[in-house]
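Please have a look at it on the screen before I go on.

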Amino acid sequence: MKKSITNNSYIIKAKAAGILLFTLLWASCAEETKLPPCVSDFSYPEGSYSQDNPQHAAPIYSAGADVPGIFSSTDGLVFADTHTGEIDLANSLPGSYTVRKTMIGNASCGNRITMARITIVPPASAPKKVTIRFPITGTYFITLADNRIGGPHGGPEADRYFEWYQLDNGYHAFRSLKNGQFLRASHDPGNYLVANGGEEADEEWEQFILEVSDKGEGGHAIKCVANNLYLNVENVPDFLLRAVAGGVDTWETFQISEIQE
């Protein structure tokens, strides 16, 4: 009977080669899964930040918070840390910026960039005590009477004093010194200006945009942020104000004068 001869040395070498090949393939796959993904979506939650905010503005993530990267932007925006994306508000200049995060650590991403927006506004200035006059009517001032804002004949001089604020978001607000309430354009169809906006100008009906007007002495047109319409003086005995005008003429022009004390 013939005996079967097995080459044990060949079998051992073949097994060793197979194990080595499997080990190399496993290691390659394991290394591939460890690479960071190519998605890293972030934003700055407040969107707009005041320059005098003592805190750093830090990004938040909807995906890929653990993906490493380098943050950058245009001149004027100062990063406290270019690896975390924290922004040094106090040392940055006011303006709107695009922040870029260039992802690193995964060559297959090809240095992919993801972006977010941030706006830095100048610090709110101290309010100024002012009067607001209608140049077209000569001596008529914005005054407070029964919470309606207009230019009635006569009345106490103190009724015409307001504090003029420049807000963190760049808009303007006016607070009556008689009742301590901010002026607001009411929601009723007439959009009459009233002094019942509370102690904070935290709604767009209480916030205004000031524009230069060449239609009369003083040169200010006042636009309500909420409905994008200008304050207009009704040509009636009480000269009430309404945020209803789509353009600027003499009846939409006001003179804002600071009271020196």
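Let me begin with a question: does F42 count as buried or exposed, and at what relative accessibility? Before I answer, please keep in mind that what you see is a predicted model. F42 has a relative accessibility of 7%, and because buried means under 20%, this residue counts as buried.

Now to the ring pairs, of which the count comes to five in this model. One of them joins F42 and Y44, and this pair is edge-to-face, with 6.1 Å from centre to centre and 85° between the planes. Both partners, F42 as well as Y44, are buried.

F42 also forms an aromatic pair with Y61, and that one is tilted, with the centres 6.1 Å apart and an angle of 45° between the planes. Since F42 belongs to strand β1, residues 41-43, while Y61 belongs to strand β3, residues 60-63, the pair ties together parts that are 19 residues apart in sequence. Y61 itself, at 27% relative accessibility, counts as partly exposed.

Finally, let me turn to lysines and rings. K128 lies over the face of W164, at a distance of 5.5 Å from the ring centre. For K129, the ring in question is that of Y161, and the charged end of K129 sits over this ring, 4.3 Å from its centre.

Notes
Residues are numbered from 1 along each chain as its sequence is written. This is a predicted model: local features need pLDDT of at least 70, side-chain atom pairs count only at pLDDT 80 or more; totals for chains, interfaces and linings use all residues. Side-chain values use heavy atoms; hydrogens and water are left out. Rings of Phe, Tyr and Trp (its six-membered ring) pair if their centres lie within 6.5 Å; planes under 30 degrees apart count as stacked, over 60 as edge-to-face and the rest as tilted. Buried means under 20% relative accessible area, exposed over 50%, partly exposed in between (1.4 Å probe, protein chains only). Helices (H or I, at least four residues) and strands (E, at least two) are DSSP runs, numbered from the N terminus. A charge sits over a ring if NZ of Lys or CZ of Arg is within 6 Å of the ring centre and within 35 degrees of the ring normal.
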